[in-house]
Amino acid sequence: NAINKEIKTTNEKRNKMKYAFYCKKLRPDAKIPTKGSDGANAYDLYAVTDAMIKPGETVKVGTGIAIKPPPYHAGFIFARSGLAAKQGLRPANCVGICDNDYTGEYLVPVYNDSGETRYIIKGDRIAQLAFIKTLDGEFVEVDELGKTERGADGFGSTGK
């Protein structure tokens with residue numbers, strides 16, 4: 001069918017598009033981010049040093065790299081699901097945003113939600129990094145935003 005053919009063609013073009021993420025090693029032993037599989041949407045970030053994280057503690061873990069995303073993109077740092085679910089380690093800020101004009105080291109503030117001291121070993125995958133296109137614009141103050149089905153109903157208003 002024509003729609004499926006168009007979707008397949010669009011996906012093939014999308015999959016062939018490649019961006020340059022300029023990456024500078026700040027330490028010779030730093031690891032450049034990698035993807036866990038061809039279908040992965042995020043890149044693994046690696047610890048450049050060892051760290052000990054006590055329960056309820058946050059430790060900034062360096063990656064030893066600086067990255068320059070493409071224009072109008074930002075780096076978003078998310079938890080690695082296995083690390084969070086199995087060891088209780090996650091980014092302290094839940095999602096970190098590295099702005100396009102930030103050229104310093106990508107650091108991950110790792111928080112220990114578990115009741116045990118946890119250890120990160122140099123070379124461990126500590127978070128995942130996705131590049132997301134962002135919009136640049138101006139806020140325009142208006143008297144009305146217009147009507148929507150949901151309106152101003154907030155938390156839990158659309159169901160469970």
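Predicted model: local features only at pLDDT ≥ 70, side-chain atom pairs only at ≥ 80, totals over all residues.
Tutor: Let's begin with a pocket. Thirteen residues, written 13 in the count, line the second largest pocket, and nearest its centre lie Asn93, Cys98, Leu107, Val108 and Pro109.

Student: Which elements give two or more residues to that lining?

Tutor: S7 and strand S8 (105–112) do.

Student: And which gives the most?

Tutor: S8, with five residues.

Student: How much space lies in the second largest pocket?

Tutor: About 200 Å³.

Student: What is the lining like by class?

Tutor: Nine residues are nonpolar, two are polar and two are charged.

Student: Switching to sheets. Where does S8 sit in its sheet?

Tutor: S8 stands between S4 and S6, in an open sheet of four strands ordered S1-S4-S8-S6. The pairing is antiparallel.

Student: Which strands stand at the edges there?

Tutor: Strand S1 (22–25) and strand S6 (89–91). Each has a single partner strand, so one side of each has no neighbour in the sheet.

Student: What about the twist?

Tutor: From one strand to the next, it averages 45 degrees.

Student: How many bridges pair S1 and S4?

Tutor: Four, in the antiparallel sense, with S4 covering residues 58–68. In that pairing, Cys23 stands opposite Ile67 in S4.

Student: OK, now S7. What is the strand order in its sheet?

Tutor: S2-S10-S5-S7. That is an open sheet of four strands too, with antiparallel pairing.

Student: Why is one side of S7 left without a neighbour in the sheet?

Tutor: Because strand S7 (96–98) stands at an edge with a single partner strand. Strand S2 (43–46) stands at the other edge, also with a single partner.

Student: And how far are neighbouring strands turned against each other?

Tutor: By 35 degrees on average, direction ignored.

Student: What joins S5 to S7?

Tutor: Three bridges join strand S5 (residues 73–78) to S7, and the two run antiparallel. Gly75 has Cys98 in S7 as its bridge partner. Cys98 also lies among the residues nearest the centre of the second largest pocket.

Student: Is Tyr72 buried or exposed?

Tutor: Exposed, with a relative accessible area of 53%.

Student: And what is the phi of Cys94?

Tutor: Positive, about 65 degrees, and Cys94 is not a glycine either. Cys94 lies in the loop between S6 and S7. At 47% relative accessibility, Cys94 counts as partly exposed.

Notes. Residues numbered from 1 in each chain as written. Heavy atoms only, no water. Pairing = 2+ DSSP bridges. Axes fitted to C-alpha atoms, helices over the stretch in contact; angles between N-to-C directions. 1 Å grid on protein atoms, 1.4 Å probe; cavity = no way out; pocket = protein on both sides within 12 Å on 5 of 7 lines; lining within 4 Å. Points joined across faces, edges and corners; volume = space filled by probe spheres on them. Nonpolar A, V, L, I, M, F, W, Y, C, P; charged D, E, K, R; others polar. Buried < 20%, exposed > 50% of the residue type's maximum accessible area, 1.4 Å probe, protein only.
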